[in-house]
Amino acid sequence: MDRAKATEYFSERFDLLHAGERYGEHAEAVKGMAALLAEVISDPAPRVKVGSQSVPKGRFLQLTADHAAYVAESVAAQTGKIRNPRSYLLTALYRAPETVSARSRGKQATGKKTAEQKARDAEQSAQQTAWIQDFLADFGKGATEDG
């Protein structure tokens, strides 16, 4: 799949025309993920390195808007330093189908969060969201310049 078709595919798949409404504060992060996935899918190699493994790229084509939202939220909640954002995002996206259902089961089991937990989560989310949006904005600029 060429880059333009891959970009169009993920734009439709993640409903990027309505990204602001759909993803809220994570809209730019999801747009960056779509650009990253378009780059990966348009590469002529049949496999991509995810973590320490070489995996088929076809699984990325199965990702949905829910998966993208999950990854954006997860990255925003991440408190540790991400040393390799591209690898981190590819790994998170590749594993999203497995972990979305586990997350849903976990939320049902844990119940409500305390006000302190919510405040801490919001602060961490804001910090990580700003960091990942900077990365994805830079990534998008590079993709625009290259493509």
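Select helix α3 and colour its buried residues: Ala27, Ala29, Val30, Gly32, Met33, Ala34, Leu36, Leu37, Ala38, Val40, Ile41 and Ser42. That makes twelve buried residues out of 16, so the helix is mostly covered under the 20% cut-off for burial. Keep in mind that this is a predicted model.

Now check the length of α3. At 1.5 Å a residue, its 16 residues should span 22 Å. The C-alpha atoms at its ends lie 23 Å apart, which agrees.

Next, show the largest nonpolar core, a set of 36 residues. Pick out Phe14, Tyr23, Val30, Met33, Phe60 and Val71, which have the most contacts inside it. Elements giving two or more residues to this core are α1, α2 (19–23), α3 (27–42), β1 (47–50), α4 (65–77) and α5 (85–110). Which element gives the largest share? It is α3, with ten residues.

Zoom in on Val71. Leaving aside residues up to four places away in sequence, Val71 touches Met33, Leu89, Ala92, Leu93 and Ala96.

Move to the strands. Select β1 and β2 (residues 53–56): they run antiparallel, joined by four bridges. Click Lys49, and look for its bridge partner in β2, Ser54.

Now turn to charged pairs. The structure holds four salt bridges.

- Asp66 lies in helix α4 and Arg22 in helix α2, so the pair ties together parts 44 residues apart in sequence. Asp66 counts as exposed, at 52% relative accessibility. Arg22, at 42%, counts as partly exposed.
- Arg86 is partly exposed at 32% relative accessibility. Glu39 is also partly exposed, at 24%.
- Arg59 sits in the loop between β2 and α4, and Glu98 in helix α5, so the pair ties together parts 39 residues apart in sequence. Glu98 counts as partly exposed, at 46% relative accessibility.

Finish by colouring the chain by pLDDT. The average is 82, and 71% of the residues score at least 70. Among the elements, helix α1 (residues 3–13) has the highest mean, 95. Helix α6 (residues 115–146) has the lowest, 63.

Conventions: Residues are numbered from 1 along each chain as its sequence is written. This is a predicted model: local features need pLDDT of at least 70, side-chain atom pairs count only at pLDDT 80 or more; totals for chains, interfaces and linings use all residues. Side-chain values use heavy atoms; hydrogens and water are left out. pLDDT is the predictor's confidence in each residue, from 0 to 100. A nonpolar core is a set of buried Ala, Val, Leu, Ile, Met, Phe, Trp, Tyr and Cys residues joined through side-chain atoms within 4.5 Å. Buried means under 20% relative accessible area, exposed over 50%, partly exposed in between (1.4 Å probe, protein chains only). Contact means heavy atoms within 4.5 Å. The expected span of a helix is 1.5 Å times one less than its number of residues. Two strands pair if DSSP finds at least two bridges between them. A salt bridge is a side-chain nitrogen of Lys or Arg within 4 Å of a carboxyl oxygen of Asp or Glu.
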